[in-house]
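Student: Could you take me through the fold of this protein chain, one element at a time, with the criteria behind each term?

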Amino acid sequence: MKFDLINEEKKEKVLLIAVDTGSYDADVSMQELGELAQTAGAQVIGKMIQKREAPDGASFVGSGRLEEICAFCTANDVDLIIADAELSPVQMRNMEDASDTRVIDRTTLILDIFASRARSKEGRLQVELAQLKYSLPKLTGKGTSLSRLGGGIGTRGPGETKLETDKRHIRRRIQYLQKELDAVERRRIQQHERRKKNGAEVIAIVGYTNAGKSTLMNRLTNAGVLQEDKLFATLDPTARKLILPDGRQVMIVDTVGFISRLPHQLVDAFRSTLEETVRADVILNVCDASNDECHNQLSTAKEILQSLFEDGRIDKPVIHVFNKCDIAGDMSFICDAYRVIGNCNAQSTDDFKNERIPVCVRISAKTGEGIDDLLFAVQQALPQTRKRVKMLIPFHSASLVAKIRNDGIIFSEEYTEKGILIDAVTEILWIDQIKDYIV
């Protein structure tokens with residue numbers, strides 16, 4: 001008899017648990033946790049939400065509910081329990097001992113997804129740093145059973161435990177990773193200085209995970225970025241050149257996605273990547289207009305953005321992009337969403353057209369609907385500090401060419417009988433000095 005081998009990888013059966021204390025919408029958070037588990041390759045076979053004033057300090061859930069969880073795990077061969085919260089080492093150990101099932105929390109799940117999706121060297125460094133910072137305070141040992149005896153006078157006794165050795169090794173690794181990321185940050189600052197000197201303007205795409213940022217990036221620039229209907233499908237930032245309708249060339253950068261209750265370890269580790277947003281000239285905040293939690297997505301993105309700026313005030317023009325409008329249905333909630341997060345005082349969607357800088361654009365990155373409106377909004381939002389002009393500069397004023405070369409960009413330069421004919425982008429402040437030479 002011949003047996004056919006099945007290469008399909010067996011998915012882990014997981015049970016999702018949560019404690020509803022009323023501090024956030026537990027049902028919505030549980031749905032998001034299920035999507036995270038599926039993204040990690042798990043099969044969700046059960047969900048449990050318990051209402052309590054506060055999680056139990058010993059086992060996260062009450063003793064009665066813990067017995068139900070144990071019975072469910074035994075009856076359904078559950079491989080993993082995922083808690084929609086950050087568990088303490090005691091809670092995790094007690095639940096594992098009682099259920100004989102591995103237990104992780106929301107933060108561990110997100111870190112695992114990041115670890116599987118990071119491709120670049122910088123991304124892997126950032127994820128490893130976040131994992132180590134999270135695991136260090138959670139290390140637990142077994143007393144002195146793993147201790148090592150020292151050698152020589154004054155070293156007899158319990159010695160250094162295996163736990164202490166592990167912690168010391170992790171601290172050394174954290175220091176090494178931090179130095180590596182500091183070097184990356186220095187390179188980013190140098191790149192930013194070069195872009196600034198060359199007059200390059202930067203557009204940053206931010207927003208909730210799975211809102212369509214990669215699809216928008218591909219629509220605008222043909223970047224070829226992976227786009228999937230999964231949370232955190234892409235982690236590594238991508239930068240591409242974008243030509244606006246008025247001919248201006250800008251740099252557009254895609255950043256890592258946000259999520260509610262994003263672990264602060266990840267925010268710290270990815271700070272160098274996220275700070276591309278701080279240095280950008282315009283921010284595109286993308287949200288999923290077809291999602292009922294669109295308002296909360298906007299609020300989450302706003303909170304994370306504010307944490308990146310020193311004084312918590314976003315001092316860059318922000319264009320809020322409502323993506324997936326082709327499947328969103330009624331869009332009348334947009335104004336309510338903006339009043340909730342305090343971005344404008346428009347009373348109707350028509351009022352947005354009267355703003356000098358459009359703050360709201362409805363698009364479909366998949367079909368291309370609204371892309372022209374988005375590009376126009378970007379043009380209007382960009383600081384008008386430079387202008388492209390053609391000039392015929394007399395030879396006796398040739399020193400102006402050197403100044404323009406240092407502070408601007410010269411696209412073409414031709415020596416004629418009457419002077420130097422150049423096509424350049426120059427600072428608006430220079431226009432008055434060279435207005436007599438503009439062709």
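This is a predicted model: local features need pLDDT of at least 70, side-chain atom pairs count only at pLDDT 80 or more; totals for chains, interfaces and linings use all residues.

Tutor: Residues are numbered from 1 along each chain as its sequence is written, and side-chain values use heavy atoms, with hydrogens and water left out.

Student: How many helices and strands does the protein chain have, and what percentage of its residues is buried?

Tutor: Helices (H or I, at least four residues) and strands (E, at least two) are DSSP runs, numbered from the N terminus, and the protein chain has 14 helices and 15 strands. Buried means under 20% relative accessible area, exposed over 50%, and partly exposed in between, with a 1.4 Å probe and protein chains only. Of the 439 residues in the protein chain, the buried share is 45%.

Student: In what order do the six strands of the open sheet with mixed pairing stand?

Tutor: Strands of a sheet pair through backbone hydrogen bonds, either parallel or antiparallel, and two strands count as paired here if DSSP finds at least two bridges between them. β8 and β12 (360-362) each have a single partner strand and stand at the edges, so one side of each lacks a neighbour in the sheet. The order of this open sheet is β8-β9-β7-β10-β11-β12.

Student: In which sense do β10 and β11 pair, and which residue of β11 is the bridge partner of V286?

Tutor: Strand β11 covers residues 318-323 and pairs with β10 over six bridges in the parallel sense. Within β11, I319 stands opposite L284, while the bridge partner of V286 is V321.

Student: How many of the six residues of β11 are buried?

Tutor: In a regular strand the side chains alternate between the two faces of the sheet. From β11, V318, H320 and F322 point one way and I319, V321 and N323 the other way, and all are buried. β11 is therefore largely enclosed by the rest of the structure, the number of buried residues being six of the six.

Student: Which residues of α7 are buried, and why is α7 called largely enclosed?

Tutor: Helix α7 (residues 213-221) is largely enclosed by the rest of the structure because seven of its nine residues are buried. The cover over these buried residues includes β7 (201-207), β8 (238-243), β9 (249-254), β10 (282-288) and α12 (371-381). The buried residues of α7 are K213, S214, L216, M217, N218, L220 and T221.

Student: At what angle do α7 and α12 pack?

Tutor: Contact means heavy atoms within 4.5 Å, and L216, R219 and L220 in α7 meet I371, L374 and L375 in α12. Axes are lines fitted to C-alpha atoms, for helices over the stretch in contact, with angles running from 0 to 180 degrees between N-to-C directions. Angles under 35 degrees count as roughly parallel, over 145 as roughly antiparallel, 65 to 115 as roughly perpendicular and the rest as oblique, and α7 and α12 are therefore roughly perpendicular to each other. Their axes are 12 Å apart, and the packing angle is about 85°.

Student: Where do α4 and α5 meet, and how do their axes cross?

Tutor: T107, T108, L111, F114 and A115 in α4 meet V127, A130, Q131 and Y134 in α5. The axes of helix α4 (residues 106-117) and helix α5 (residues 121-135) come within 9 Å and cross at roughly 155°. That makes α4 roughly antiparallel to α5.

Student: Which order do the strands of the three-stranded open sheet follow, and which residue of β15 stands opposite I410?

Tutor: With antiparallel pairing, the order of this open sheet is β13-β15-β14. β13 (386-393) and β14 (409-415) stand at the edges, each with a single partner strand, so one side of each is left without a neighbour in the sheet. β14 pairs with strand β15 (residues 420-427) over six bridges in the antiparallel sense, and the residue of β15 opposite I410 is A424.

Student: Which strands does helix α13 lie across, and at what angle does α13 run to β14?

Tutor: Helix α13 comprises residues 399-407. The strands that α13 lies across are β13, β14 and β15, and its angle to β14 is about 155°.
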